[in-house]
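Here are a few friendly notes to read alongside the model.

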Amino acid sequence: MAYANGNSTVITVFGGSGFLGRYVVQALAKAGFRIKVAVRRPELALYLQPLGSVGQIAIVSANVRDEKSVAEAVRGADAVVNLVGILAPSGRQRFKAVHADAPETIAKAARAAGVKRFVHISAIGADRLSRSAYARTKGEGEARALAAFPQTVILRPSLVFGPEDEFFNRFARLAVLSPVLPLIGGNTRFQPVYVGDVARAVTAAVEGRATEGAVYELGGPSIYSFREILKKVCEWTQRPRVLLPVPFWAAKIQAFFVQALPGAPITLDQVRLLQHDNVVSAEAVRDQRTLEGLGVTEPKSIEVIVPPYLSRYRPRGEFSTGRAAAF
């Protein structure tokens, strides 16, 4: 059965029920693809089905730690997208299993099934030699995916933002609760990229508009320091707050003791990540391995997207029109 533009191509998406996943699934559905969303708990992903036509989006059970279920999920697919990732370990979800082992398992299954394209989502800063377990396993996952499926297209986004994100929403919640916001790595630079633009980049790669075996770095139109980002959060939530600089050595000590707690505000690994800029490299720009190189022009800025969804954190809610005091 074909949809929208007559496309009967089947795409298997691993991790399609997450923050980025819902946007990728919607973008692929809009492009007319048939989609199999492979997730551990299908009952939690049923909300994705109305994003497409009747029967266009199927939810299938798969666990990236189980080779048999992965092989079944990619059977009959023309392309595979891997969005699976975690920000911090929890239970059986460990960095190595999710970021390094899973991409290799999926890539091997895709090759065995005769899949034409494999798109793997990594992150800017992925580096097999990094002291950060997050960045190190991301780098290992890239290498293992390419070894198993040499045509793999790797997409490395910077900080991804959107209404359901865990970054801007987290600091907005902190601004509601505390008159002081800890500032770790205030000069560290980010290039936030809108989740919808990342989804468009994934779609472009699935459609064959990316160079096979290439690594693309995805960043938004502007670069900000961490300090500048927190100031904007305070402005948009209309909650003037004191930004208290915390040196990295002190942040590491604090993170070491709190990271084991449920819902820990920060981990030692995240502090290590904050010691490095998270922006698109000059080499990627030079070689057109960016959003623009994938045909995603005029990417959305945080100034356009973020203020509306942070309005609920204002003292009088989303209908408040006053401005926060200047810093």
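Predicted model: local features only at pLDDT ≥ 70, side-chain atom pairs only at ≥ 80, totals over all residues.

1. Let me start with strand 2 (residues 34-39), which runs parallel to strand 3 and is joined to that strand by five bridges. Strands here are DSSP runs of E, at least two residues long, and helices are runs of H or I of at least four residues, both numbered from the N terminus. Two strands pair if DSSP finds at least two bridges between them.

2. Residues are numbered from 1 along each chain as its sequence is written, and side-chain values use heavy atoms, with hydrogens and water left out.

3. Now the whole sheet: seven strands form an open, parallel arrangement in the order 3-2-1-4-5-6-11. The edges are strand 3 (57-61) and strand 11 (215-218); each has a single partner strand, so one side of each lacks a neighbour in the sheet. On average, neighbouring strands are turned by 20 degrees against each other, direction ignored.

4. Helix 1 (residues 19-30) packs on this sheet and touches strand 1 (10-14), strand 2, strand 3 and strand 5 (117-121). The direction of helix 1 makes about 165 degrees with that of strand 2; such angles run from 0 to 180 degrees between N-to-C directions, with axes fitted to C-alpha atoms, for helices over the stretch in contact.

5. Arg156 stands opposite Glu217 of strand 11. Val215 and Glu217 point one way from strand 11, Tyr216 and Leu218 the other way, and all are buried (under 20% relative accessible area, with a 1.4 Å probe and protein chains only).

6. Is Thr290 buried or exposed? Thr290 sits in the loop between helix 10 (282-286) and helix 11 (302-310), and its relative accessibility of 10% counts as buried. Beyond neighbours within four places in sequence, its contacts (heavy atoms within 4.5 Å) include Tyr216, Glu217 and Leu218.

7. Finally, the axes of helix 5 (residues 168-177) and helix 7 (residues 226-236) come within 10 Å and cross at roughly 60 degrees. Phe168, Phe171 and Ala172 in helix 5 meet Phe226, Ile229, Leu230 and Val233 in helix 7.

Key
Buried < 20%, exposed > 50% of the residue type's maximum accessible area, 1.4 Å probe, protein only.
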